[in-house]
Amino acid sequence: MRTRLLPLIGLAVSSLLLASPIFAETQEQLMTSGPRVTSVPMPDPTHIPIVFGKDIPWKGDPKGEQTAAVFGAEDKPGIYGILIRWMPGSNSKPHMHSSVRYIYVVSGVWWVNSSTTYDKSKMYPVPAGSFVTDIPNTIHWDGAKEDGGPTILLLVGEGPMVTTRYTQKDPNSMEFTPEAPK
């Protein structure tokens, strides 16, 4: 039952973010937003907790890939949501995940491929406002092109989730194969 609810929850969370790019002029505004000055007081935080863009705890390489846990955790049972920020030129290598994941492109252009051949010229552009389903146990790799801007994704899934990485056995080949189980 809970697994059938996951697509609905993913869509609901993603649809809440649909308005974000409309109201923010730049990605920087999304990441540095704070409380607005109004005559109306903020809601009681014990009823409606709010985390503003400026307070989201990003981890990782500021020049590469950064992540921010919004709720839950990939390695724990239950639903989780993470933000991923790809800086220009940063990409993952071929890999796959053990469970379905739902991705909403919040800003920028997300570049993807579903092959064991790691060839950046074969990446497909997915623009902001798009919704993508990451099918379990299917290979893919992704990131942001060097000649573009940063990309922010909202990713929702159900844990625990295991990622299987692929390795490049021959440095002269763009072909990747699954890592041996440890």
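Phenylalanine 131 is partly exposed, with a relative accessible area of 35%, where buried means under 20% relative accessible area, exposed means over 50% and partly exposed lies in between, computed with a 1.4 Å probe on protein chains only. The structure is a predicted model, in which local features need a pLDDT of at least 70 and side-chain atom pairs count only at pLDDT 80 or more, whereas totals for chains, interfaces and linings use all residues. Residues are numbered from 1 along each chain as its sequence is written, and side-chain values use heavy atoms, with hydrogens and water left out.

The predictor's confidence in each residue is given as pLDDT, on a scale from 0 to 100. The protein averages a pLDDT of 86, and 85% of the residues score at least 70. Over residues 15–24, however, pLDDT stays under 50, and for this stretch the model has nine contacts beyond four places in sequence, a contact being heavy atoms within 4.5 Å.

An open sheet is formed by six strands in the order E1-E2-E3-E10-E5-E8, with antiparallel pairing, and two strands count as paired if DSSP finds at least two bridges between them. Strand E1 (59–60) and E8 stand at the edges with a single partner strand each, so one side of each is left without a neighbour in the sheet. Within the sheet, strand E2 (residues 65–71) and strand E3 (residues 78–86) run antiparallel and are joined by six bridges; phenylalanine 71 has glycine 81 in E3 as its bridge partner.

Rings of Phe, Tyr and Trp (its six-membered ring) pair if their centres lie within 6.5 Å, and planes under 30 degrees apart count as stacked, over 60 as edge-to-face and the rest as tilted. By this rule the count comes to three aromatic pairs. The rings of tyrosine 102 and phenylalanine 131 have centres 6.3 Å apart and planes at 10 degrees, so this pair is stacked. Because tyrosine 102 lies in strand E5 (residues 101–107) and phenylalanine 131 in strand E8 (residues 131–134), the pair ties together parts that are 29 residues apart in sequence. Tyrosine 102 counts as buried, at 9% relative accessibility, while phenylalanine 131 is partly exposed. Elsewhere, Tyr118, Trp141 and Phe176 form one aromatic cluster. Lysine 145 lies over the face of tryptophan 111, at 4.8 Å from the ring centre; a charge sits over a ring if NZ of Lys or CZ of Arg is within 6 Å of the ring centre and within 35 degrees of the ring normal.

Side chains of opposite charge can pair when their charged atoms come close. A search of the whole structure finds four salt bridges, each defined as a side-chain nitrogen of Lys or Arg within 4 Å of a carboxyl oxygen of Asp or Glu. One of them joins glutamate 74 to arginine 101, with the closest N and O atoms 2.8 Å apart. Glutamate 74 lies in the loop between E2 and E3 and arginine 101 in strand E5, so the pair ties together parts that are 27 residues apart in sequence.

Another salt bridge brings together the side chains of aspartate 75 and lysine 76 (3.8 Å, N to O); aspartate 75 is exposed at 52% relative accessible area, and lysine 76 is partly exposed at 46%.

Most residues other than glycine have a negative phi, and most peptide bonds are trans. Asparagine 137, in the loop between E8 and strand E9 (141–143), has a positive phi of about 55 degrees although it is not a glycine. The peptide bond from glycine 159 to proline 160 is cis, with omega near 0 degrees, and proline 160 is found in the loop between strand E10 (151–159) and strand E11 (163–167).

Conventions: Helices (H or I, at least four residues) and strands (E, at least two) are DSSP runs, numbered from the N terminus.
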